Amino acid sequence: MIKAEWFYWLVGGVLLAMSAQMLADRTNPRRLGTAAFWGLLGAGFCYGTWVADGSAPPEPLGAAVLVMACLAGFGLTGRGTPRTAGPERRAAGARRHGNALFVPALAIPAVALVCAVGLKRLSIGGQPVLQKGSETVLGLGVGAVVALVLGMVMLRERRLSVPLHAGRSMLESAGWAMLLPQMLATLGAIFADAGVGKQVGRLTAAVLPEGSVFLAVVVYCCGMFLFTAVMGNGFAAFPVMTAAVGWPVLVEQAHGNAAAVLAVGMLAGFCGALVTPMAANYNLIPAALLELTDQYGPIKAQLPTAFVLLGCNIGIMSVFAV
């Protein structure tokens, strides 16, 4: 059986290899901090296996996260000059291969779909080929490997160090912001376990006039918007606001359609992702990879759309969901 842990080990190994490249890159004035940051992340992927099965204490992982936060917070990470093809060579390759360059990228979702749907039911000797419950993650990992092989074959590249250098260049360009979504998703789980949703629910019940369904819809949608803007992740905001307003007020008290209320509530949260730098994977990372002069340019462009969509979600929920 192919286990999800193997994929995490592969990710950890790749990060450790890139960390070694960063350490050797003397063009980066902050190479020590950069190598330490991504090396700790790679080591965490490997060490987490023993934390998950209870054979190792979790405290070292927590210490590693704190060290990484200090490295990023004090500006001890930077960017070097990887040994990759120059602009002229890349432009010539783009003209030569054309749209075929999209084949490796499209192979990732295609392989992930095959694994999640097709190989999910495949078993050998009574054992599933892919670890149960992890088919999508494993499909993503297998798809990435397949895409790497396809890309190297298409470009006739025989050295594995070349895609490693290109990958670590992307890591250094995006920087610590690449990890922000994962950190904030964890924060959302902590909020849910700590009972933040229940406390927000008590405050909402004390403020909302009894029987005011429309006002409850506004509070739920705007709360999803604001919590997502703070935490940068609609999935992190969802359990908090749903436990506070969505389920107890709109579904149980107002007898709203649960599926419609919760789906539109999530869409309202996604509006908050358009206006916050905390949603780094949507806003900051694209600006960094495209080398935009204004790192907040995507947010400024999305502000009008975000507020219009928020109003639309409030109207849709009021008319069709409750």
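**Figure 1. Overall view of the predicted chain.** This is a predicted model in which local features need pLDDT of at least 70, side-chain atom pairs count only at pLDDT 80 or more, and totals for chains, interfaces and linings use all residues. Residues are numbered from 1 along each chain as its sequence is written, and side-chain values use heavy atoms, with hydrogens and water left out. The chain has 14 helices and two strands; helices (H or I, at least four residues) and strands (E, at least two) are DSSP runs, numbered from the N terminus. Its C-alpha trace spans about 70 × 55 × 45 Å along the principal axes. Of the 322 residues in the chain, 37% are buried, where buried means under 20% relative accessible area, exposed over 50%, and partly exposed in between (1.4 Å probe, protein chains only). The chain exposes about 18000 Å², of which carbon and sulfur atoms supply 69%; accessible areas come from the Shrake-Rupley method with a 1.4 Å probe, and for residues only the protein chains shown count as cover. Contacts (heavy atoms within 4.5 Å) between residues at least 6 apart in sequence join residues at least 24 apart in 72% of cases.

Figure 2. A nonpolar core is a set of buried Ala, Val, Leu, Ile, Met, Phe, Trp, Tyr and Cys residues joined through side-chain atoms within 4.5 Å. The largest such core has 29 residues, and those with the most contacts inside it are Tyr220, Cys221, Leu250, Val261, Leu310 and Met317. Two or more residues each are given to this core by helices H10 (213–231), H11 (234–253), H12 (258–273) and H14 (297–321). Apart from it lies another core, of 13 residues, including Met22, Phe37, Met68 and Leu164. In soluble globular proteins, nonpolar side chains tend to be buried together.

Figure 3. Helix H12 has 16 residues and reaches 23 Å from its first C-alpha to its last. This span is close to the 22 Å expected at 1.5 Å a residue, the expected span being 1.5 Å times one less than the number of residues. Its buried residues are Val261, Leu262, Val264, Gly265, Met266, Ala268, Gly269, Cys271, Gly272 and Ala273. The cover over these buried residues includes H10, H11 and H14. Leaving aside neighbours within four places in sequence, Val261 is in contact with Tyr220, Gly246, Leu250, Val251, Gly256, Met317, Ala321 and Val322.

**Figure 4. A nonpolar patch on the surface.** The patch is formed by Leu10, Val14, Val145, Val149 and Val153, which together have about 390 Å² of accessible area. Patches are made of residues with over 30% relative accessible area and no salt bridge; like charges are joined within 9 Å, and nonpolar side chains (Val, Leu, Ile, Met, Phe, Trp, Tyr) within 5 Å. Helix H1 (4–24) and helix H6 (135–154) each give two or more residues to the patch. Val145 is placed in helix H6 and is partly exposed, because its relative accessible area is 38%.

**Figure 5. Salt bridges of the chain.** A salt bridge is a side-chain nitrogen of Lys or Arg within 4 Å of a carboxyl oxygen of Asp or Glu, and by this rule the count comes to four. Glu157 pairs with Arg159, the closest N and O atoms being 3.2 Å apart; at 16% relative accessibility, Glu157 counts as buried. Glu172 and Arg168 meet at 3.2 Å, N to O. Both residues of this pair, Glu172 and Arg168, are buried and lie in helix H7 (residues 161–174), four residues apart, about one turn of the helix. Asp294 and Lys300 form a salt bridge at 2.8 Å, N to O; Asp294 is partly exposed at 28% relative accessible area, whereas Lys300 is exposed at 53%. Salt bridges that share partners join Asp25, Arg168 and Glu172 into one network.

**Figure 6. Thr49 and its contacts.** Thr49 is found in helix H2 (residues 31–52). With a relative accessibility of 10%, Thr49 counts as buried. Residues up to four places away in sequence not being counted, Thr49 touches Glu5 and Trp9.
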